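Here is a short report on a single model, written for quick reading. Please look over the sequence and the coordinates first.

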Amino acid sequence: MADHAVEPTPTVDHDAPGHVTVVGEDIAVVALPERGDTDDDPLPTTTLETGFSCDTGTSAAGEWYGVPVTALLDRAPMPDDTTHLVFRARDGFQVCVPVSVAIEGLVATRLDGEAIPDAETRVVAPALESTRSLRDVTVLRAVHLDPGEDRADYESL
């Protein structure tokens, strides 16, 4: 199994609360909106009705509020050959998601108007497998997988 860990960039504090580092053609550190406060937010926000149920028994469904993945990618555009996005969590876990699935989703900061239980943020998307609904996202990185390459090689679940 290849090691494709999303390595922190030395000049960036990847654990800064409320921030996501986006790595595409450039690197951008993006401040997420305050939980529910959109008055002065520089990023667009939206809501998405979806849910998930993990093997661990954790489940959540409802109206998620947050920043569209596409808005984050606007800060550090993807290279043309990008096929997947790798999301890395504060605890080091990471998931690899096809671009077509990820761009339909959010990095959410609220669920049904409330803080997300046990998390600062969570990746949600209608077609995202429950095991890949990562919480406490700190890095989003564009990657290219060759045909036949296993996305699990980019993950630590």
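R151 is buried, with a relative accessible area of 18%. The cut-off for buried is under 20%. The model is a predicted one.

**Salt bridges**

The side chain of R151 meets that of E129 in a salt bridge, at 2.6 Å from N to O. E129 sits in the loop between β9 and β10, while R151 belongs to the segment after β10, so this pair ties together parts that are 22 residues apart in sequence. Salt bridges that share partners join E129, R132, R151 and E155 into one network.

E129 also forms a salt bridge with R132, with an N to O distance of 3.7 Å. R132 counts as buried, at 10% relative accessibility. E129 is partly exposed, at 33%.

The count of salt bridges comes to 4. One of the pairs is R90 with E120, whose closest N and O atoms are 4.0 Å apart. R90 lies in the loop between β5 and β6, and E120 lies in the loop between β8 and β9, so the pair ties together parts that are 30 residues apart in sequence. R90 is partly exposed, at 31% relative accessibility. E120 is partly exposed too, with a relative accessible area of 21%.

| Pair | N to O distance |
|---|---|
| E129 and R151 | 2.6 Å |
| R132 and E129 | 3.7 Å |
| R90 and E120 | 4.0 Å |

**The sheet**

What is the order of the strands in the open sheet? The order is β2-β1-β10-β5-β6, and the pairing is mixed. The edge strands are β2 (27–31) and β6 (94–98), each of which pairs on one side only. From one strand to the next, the twist averages 20 degrees.

Strand β1 (residues 19–23) runs parallel to β10, and 3 bridges join them. Within that pairing, T21 has V139 of β10 as its bridge partner. β10 pairs with β5 in the antiparallel sense, over 6 bridges. β5 (residues 84–89) also runs antiparallel to β6, with 5 bridges between them.

F87 takes part on both sides. In β10, F87 stands opposite L140. In β6, F87 stands opposite V95.

How much of β10 is buried? The strand is mostly covered, with 6 of its 7 residues buried. In a regular strand, side chains alternate between the two faces of the sheet.

**Two residues with positive phi**

D112 has a phi near 50 degrees, a positive value in a residue other than glycine. D112 is found in the loop between β7 and β8 (114–115). At 47% relative accessibility, D112 counts as partly exposed.

D136 is placed in the loop between β9 (122–124) and β10 (137–143). Is D136 buried or exposed? D136 is buried, with a relative accessible area of 17%.

**R110 and R122**

R110 is in strand β7 (residues 106–111). At 17% relative accessibility, R110 counts as buried. R110 and R122 are 12 residues apart in sequence, and their C-alpha atoms are 8.7 Å apart in space.

**The largest pocket**

The largest pocket holds about 510 Å³ of space.

Strand β4 (residues 59–68) gives the most to this lining, with 3 residues. By class, the lining has 12 nonpolar, 7 polar and 5 charged residues.

How values were computed
Residues are numbered from 1 along each chain as its sequence is written. This is a predicted model: local features need pLDDT of at least 70, side-chain atom pairs count only at pLDDT 80 or more; totals for chains, interfaces and linings use all residues. Side-chain values use heavy atoms; hydrogens and water are left out. Two strands pair if DSSP finds at least two bridges between them. Helices (H or I, at least four residues) and strands (E, at least two) are DSSP runs, numbered from the N terminus. Axes are lines fitted to C-alpha atoms, for helices over the stretch in contact, and angles run from 0 to 180 degrees between N-to-C directions. Buried means under 20% relative accessible area, exposed over 50%, partly exposed in between (1.4 Å probe, protein chains only). On a 1 Å grid over the protein atoms alone, a cavity is a set of points where a 1.4 Å probe fits but cannot get out, and a pocket is an open set with protein on both sides within 12 Å along at least five of seven lines; lining residues have an atom within 4 Å of a point. Grid points are joined across faces, edges and corners, and a volume is the space filled by probe spheres set on the points. Ala, Val, Leu, Ile, Met, Phe, Trp, Tyr, Cys and Pro count as nonpolar, Asp, Glu, Lys and Arg as charged, and the others, Gly among them, as polar.
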